[in-house]
Structures are given as C-alpha cells and as structure tokens.
Amino acid sequence: MIVEARGVGFAYPPSRPRRAHPFRLADLAFGLAPGEILGVIGPNSAGKTTLIRLLTRVLEPAAGEILLEGRPLARLDRAEVARRVAVVPQGVPPQFPFSVEELVLMGRFPHAPARYFEDAADRAVAHGAMAAAGVLELAALPLDSLSGGERQRAVIARALAQEPRLLVLDEPTAHLDLRHQAEAATLLRRLNRERGVSMLLVSHDLNFAAEVCDRLLLLAAGRPVRLGTPEEVLEAPVLEAVYGCEVHVEKSAASRRPVVQVVWPDARGR
Amino acid sequence: MSPRARLAAALGVLTLVLLAVAALALFLGGAAISPRAVLAALAGRAGAQSVESVVTLSIRLPRIAVAALAGGALAVAGVAFQALTRNPLAEPSVLGVSGGAAFGVVIAQSLGLGFGVLGAAGLTAFAFAGAVVAAGAVYLIAGAGRLSVQTLLLAGVIVGLFFASAITVVISLLDVNRLGGVIYWLLGNLGTLPPASLGLFALSAAAGLGLVLVHARELNLLALGEEAAQQLGVDADRLKIRIFAGAALLTASVVAFAGPIGFVGLIVPHALRMLLGADNRLLVPAAFVGGASFLLAADTLARSIVAPGELSVGVITSFCGAPVFVWLLRTRYRALL
C-alpha cells in the first residue's frame with residue numbers, strides 16, 4: 001500500500017466565533033494501492049481538505065495513524081514526506097513573477113534542502129517533468145502570463161519534479177472550462193499509466209472523479225460513507241442521503257462510467 | 001543561462017556600478033579638493049594632517065561605507081519583508097518597522113546612550129526591540145493568518161503613525177539643546193561614524209544579511225503560500241521567525257546608525273525584479289550591492305545639489321520612493337487591491 005489510513009480522527013481547536021457544528025474527522029480508514037487513482041468526494045466540509053493536510057503532515061491526526069509505504073507518517077520529517085507525497089493545490093498565488101521553470105525547480109527542494117542552487121540532475125528531472133505535463137515550451141514564461149489550464153499543468157509539473165510516489169490533487173477541475181477539464185483528465189490518466197504515479201484526487205466534480213478514478217471514497221461530515229468503484233459509490237439513494245438533494249444517475253455511453261445529474265427541485269412543470 | 005551564471009553576472013555589473021558611484025562620492029564634496037589630491041591622500045602620499053587626507057580618509061570614506069551598508073541593509077530588508085508577507089509592497093518604512101526602530105533609538109538617546117561601543121550596542125538593541133514590537137503589532141493588527149495586501153499596508157500606516165506620535169512626545173520632553181540633532185537624524189542622515197559604531201553596524205548588517213541569504217531558497221517556496229511551502233518540506237514557522245528577526249535586525253541597524261530612511265527597500269528590489277525575476281537567491285545578494293549603490297548615489301546627490309549645505313538623504317529617497325510606490329500600486333498590483 002502507498003497510503004494506509006487506520007482509524008484516523010481529527011478535530012480543529014475550537015474557533016471564535018464558534019461554529020454551529022464544529023468539524024471533526026472520525027474513523028477514517030482506507031488503503032491506496034500502488035498505481036491506483038483514488039477519488040475523495042463529498043459535500044462541503046466533509047473533510048476533504050483536512051484529509052490532504054493530514055496526508056502531508058500539515059496537521060497531525062488526533063487518533064489512529066497514517067502509514068506511507070508502510071512507515072508511520074508521524075516518524076517522517078517534512079522533506080521525507082515531500083519526497084513521497086506531492087500536492088497540486090487549487091491555484092498559484094500570482095504576486096511574484098516566477099517563471100514556469102523556476103516554479104518546477106521548487107519541486108526539487110525536498111531532495112536537497114541545503115543546496116543553494118539546483119544541480120544538473122535537478123534540472124534534468126525538472127525538464128522531464130515539464131515535458132510530461134506539456135509545459136516545456138512555456139518554461140521561460142512568467143506564471144502570471146499563463147492561462148488557467150497552462151498554469152495548472154505547470155503546477156502539476158512542479159509536483160512531478162518532486163518524484164513522488166503519491167500525487168494529491170486538490171480540486172483539479174476548479175477554474176477549468178470543459179475542454180481543459182477533458183485535457184486534465186487525459187493528462188492525469190497518462191501520467192498514471194506511463195509514470196506509475198498513484199493519485200489521490202479530491203473533487204467536488206463527481207463526474208470528473210468517476211471518469212478518472214479507479215475507486216471513490218465518499219465522505220460526509222467527517223465520516224467515510226462508502227468506499228468502492230465509481231459504480232458502487234455513485235448510487236442515487238446514497239448520494240441523495242449525503243447531499244440532501246434529488247439526483248439522477250445513468251451510465252456514460254462512451255466510458256460506461258456513472259454520470260450524476262441533479263434533479264432541480266423546481267424543474268418539473270416549468 | 002543558469003541561475004548561478006546570472007547571479008555572477010548581476011553581481012559583477014552591480015559591483016562595477018557600486019565602485020563607480022563610490023569613486024564619484026569620493027571625488028565630490030563641499031571641500032574643494034582636486035581629484036589628484038584625493039588620490040594622493042588615498043595612496044598615503046599626503047600628510048596625515050593635511051586637509052585632503054582628513055577630508056578623504058576621515059570624512060568621505062567612512063561616510064561612503066555608512067551609505068553603502070545602510071542602502072544594502074535596507075534593500076535586503078525590503079526583499080525579506082516582501083517574501084515574508086508575500087506582499088510586494090511591503091518595506092521597512094511602509095510597514096512602520098522603521099518607525100518602531102526610530103522610537104527605540106529616541107528612547108535610548110533620551111536615556112543618554114551615546115556613540116561609544118557600549119552606547120552603540122545599546123542603541124542597536126533598542127532599535128531592534130522597537131522594530132520587533134512594530135512588526136509584531138502590524139502582524140497582529142493585520143490578523144496574523146492571511147495577510148491581504150490592503151490590511152497589511154493599512155496596519156503599517158497605523159503603526160507608523162503611532163510611533164511617529166510617540167517620538168514627538170519623547171522629543172517634546174527632551175532638552176532643547178539636544179533637539180536639533182534628533183530631528184536631523186529623524187529625517188534620515190548619513191554622517192561619519194566612529195570606527196566602533198561603524199564596526200558594529202557592519203557586524204549587525206552582515207548578521208541580518210546572512211540570516212536572509214541562507215534561507216533565500218526557502219523564501220521562494222514561501223511565495224507559494226505557507227501550506228504549500230510546508231508540503232514541499234519547508235519548516236515554515238522556523239523560517240518566518242528567522243526572516244522576521246533578520247529583517248528587523250537589518251532595519252534596526254540602519255535606523256540606529258543612519259536614521260529611518262524610507263523606500264530603499266521598495267525601489268531597489270522592484271528594479272532588480274524587473275532585471276532578474278522573482279528568484280530570491282538572486283535578489284537577496286543583488287539587493288545588497290544594488291541598495292548600496294542606490295543609497296550612495298542618493299547621498300552624493302543630497303550633499304551636492306545644495307552645497308555647501310546638505311539635504312537629508314531620506315528626502316531624496318522619499319522623493320524617489322513615493323512616486324514609485326504609487327506607480328506600482330496603480331499598474332502592477334492593481335489586481336491585488
């Protein structure tokens with residue numbers, strides 16, 4: 001197993017003003033096999049972001065433990081974690097005009113934190129990562145001159161430069177139009193196939209997750225509801241209970257994967 | 001070109017510029033001394049008590065050293081505060097940190113700390129304490145976690161105004177005879193420092209520079225956000241404390257020995273970013289040399305345009321810096337506001 005979560009629980013310290021329903025994560029257990037793409041789905045505040053933070057040791061679990069390739073995550077230092085787990089966040093802060101290549105080279109930091117400049121081997125890895133993510137020709141451009149889709153591929157290249165065993169993607173389709181969503185799905189599946197990168201994909205987009213992922217983990221209010229293939233998890237009664245709205249599930253004609261549609265409450269008789 | 005080669009090229013060019021400006025500063029001045037006489041004094045061929053020797057070696061040369069050190073320190077402090085707050089408009093004077101340091105110095109002076117070795121060390125310590133209090137206040141007012149561009153600048157203005165008033169209170173309690181010196185210093189003034197003070201200034205500036213320099217690569221990662229930096233293996237909390245301390249020390253040493261000179265930390269890093277990009281590993285060393293040239297040029301201008309009188313160098317940097325700040329705000333960073 002690349003990742004194994006055993007009875008993981010977590011609660012944020014009480015905040016002010018107090019929230020009506022303080023968030024807690026409880027009894028989280030799942031395994032992620034080498035080469036697998038696992039999707040984590042669920043409504044807002046289901047615990048998706050918290051799970052990413054726990055997997056990267058930004059937060060420590062209050063209960064249970066997480067194993068990374070069989071070793072307890074808590075015993076790895078930050079650089080060791082970063083050599084194994086790379087995160088593709090939702091966006092890149094645009095304040096400073098870093099170039100694509102400079103961004104991608106940042107992914108080499110955990111491999112030699114004491115080095116002032118990256119060496120030739122680091123640059124070779126970054127070059128390969130940019131080629132794999134399709135941003136090689138953009139290498140010299142400043143990030144703020146890129147489109148949303150290009151920028152996301154640059155961030156994926158940075159994550160690949162970490163040479164991770166696990167790629168964690170936080171809402172990879174946010175801010176992407178349909179064509180770029182399709183391109184992102186193709187890119188992720190190709191990286192998975194060609195580089196053998198395991199992936200944990202957190203998404204609001206059920207249909208994107210169903211297309212890309214081997215298995216899905218459905219969370220609700222900090223608890224796992226269902227874990228299985230997209231067909232097993234994306235069942236109308238389960239989703240209706242978790243999301244609190246009526247849905248309609250059918251199969252995609254092209255991929256035979258489930259497609260979820262909201263049945264708008266006021267749709268009938270309009 | 002690899003980053004290493006670009007850094008070498010940038011430092012080479014900036015050092016040449018610095019040497020040229022330093023030569024200019026050495027030959028220009030209120031006392032009419034011929035370039036030949038200056039060179040003779042430098043070579044030690046003039047009598048030790050001769051006018052050219054005293055002016056060149058005891059007045060102009062130390063002042064060049066003070067200006068270069070102060071400019072370099074302020075520019076690096078600017079880069080450090082910008083990386084730390086992820087705000088390209090952050091700078092010691094804009095953030096009110098210079099104001100805090102100045103308050104510390106005014107307190108130290110009202111306690112009678114002078115310019116001996118101990119006095120200079122005490123002055124630096126008070127300035128450092130003031131800088132840390134001011135920067136901490138800005139951080140708390142702006143709401144610790146996510147520092148938006150506007151709230152941070154606003155907090156800096158508030159803290160800066162507060163310390164300006166606090167300084168006014170202390171000054172109005174001071175003896176009239178000592179007032180002149182303080183006001184002169186408050187405008188930002190480069191004078192000749194006794195060797196002990198100059199040494200201490202160099203030492204604290206070097207310590208601050210070193211602290212920022214060894215973390216330059218991590219500062220690049222911090223630009224991606226704190227959580228992203230942590231996920232790339234950076235100990236973000238330790239990094240922030242060290243950069244905070246380094247930037248405060250750089251600011252404090254300048255304020256203690258040259259006064260609160262504004263905007264150097266804004267102008268120099270932005271000019272260099274246009275040439276070198278955002279990589280802090282290039283910016284930090286380049287800012288030190290570039291900042292030295294900039295402030296030295298500003299000081300040479302300040303003591304030339306109204307000669308035999310002198311303008312405060314802070315006046316020159318503010319006249320340059322205020323328009324640059326407005327221009328940056330209206331053009332490059334409009335989207336952030």
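In chain A, strands β3(A) and β9(A) run parallel and are joined by four bridges, where strands, like helices, are DSSP runs numbered from the N terminus (E over at least two residues for strands, H or I over at least four residues for helices), and where two strands are said to pair if DSSP finds at least two bridges between them. The model is a predicted one, in which local features need pLDDT of at least 70 and side-chain atom pairs count only at pLDDT 80 or more, whereas totals for chains, interfaces and linings use all residues. Residues are numbered from 1 along each chain as its sequence is written, and chains are lettered from A and ligands numbered from 1 in the order in which they are written.

The domain assignment of chain A gives domain 1 (1-69 + 165-243) and domain 2 (94-163), with bounds that come from an automatic or database domain assignment. The centres of domain 1 and domain 2 of chain A, taken over C-alpha atoms, are separated by 25 Å. Ten residues from domain 1 of chain A and seven residues from domain 2 of chain A make up the contact, residues being in contact if their C-beta atoms, placed from the backbone, lie within 7 Å. On the side of domain 1 of chain A that touches domain 2 of chain A, α6(A) gives the most, with six residues. By class, that side of domain 1 of chain A has six nonpolar, two polar and two charged residues, with Ala, Val, Leu, Ile, Met, Phe, Trp, Tyr, Cys and Pro counted as nonpolar, Asp, Glu, Lys and Arg as charged, and the others, Gly among them, as polar.

R190(A) is placed in this helix, α6 (residues 178-195) of chain A. Its C-alpha is 9.0 Å from that of A132(A), although R190(A) and A132(A) are 58 residues apart in sequence. R190(A) is partly exposed, because 13 other C-beta atoms lie within 10 Å; a residue is buried with 20 or more other C-beta atoms within 10 Å of its own, exposed with 12 or fewer, and partly exposed in between, the C-beta atoms being placed from the backbone.

Two arginines of chain A have a positive phi. Most residues other than glycine have a negative phi. R57(A), with phi near 60°, is placed in the loop between α1 and β4 (63-68) of chain A, and is buried, because 21 other C-beta atoms lie within 10 Å. R256(A), with a phi of about 65°, is placed in the loop between β11 (247-251) and β12 (258-262) of chain A, and is exposed, because 8 other C-beta atoms lie within 10 Å.

The contact between the chains takes 24 residues from chain B and 21 residues from chain A. On the side of chain B that touches chain A, the elements giving two or more residues are α1 (3-27), α9 (216-222) and α10 (226-231) of chain B, and α10(B) gives the most, with four residues. The residues on this side of chain B divide into ten nonpolar, six polar and eight charged.

Terms used. Contact = placed C-beta atoms within 7 Å.
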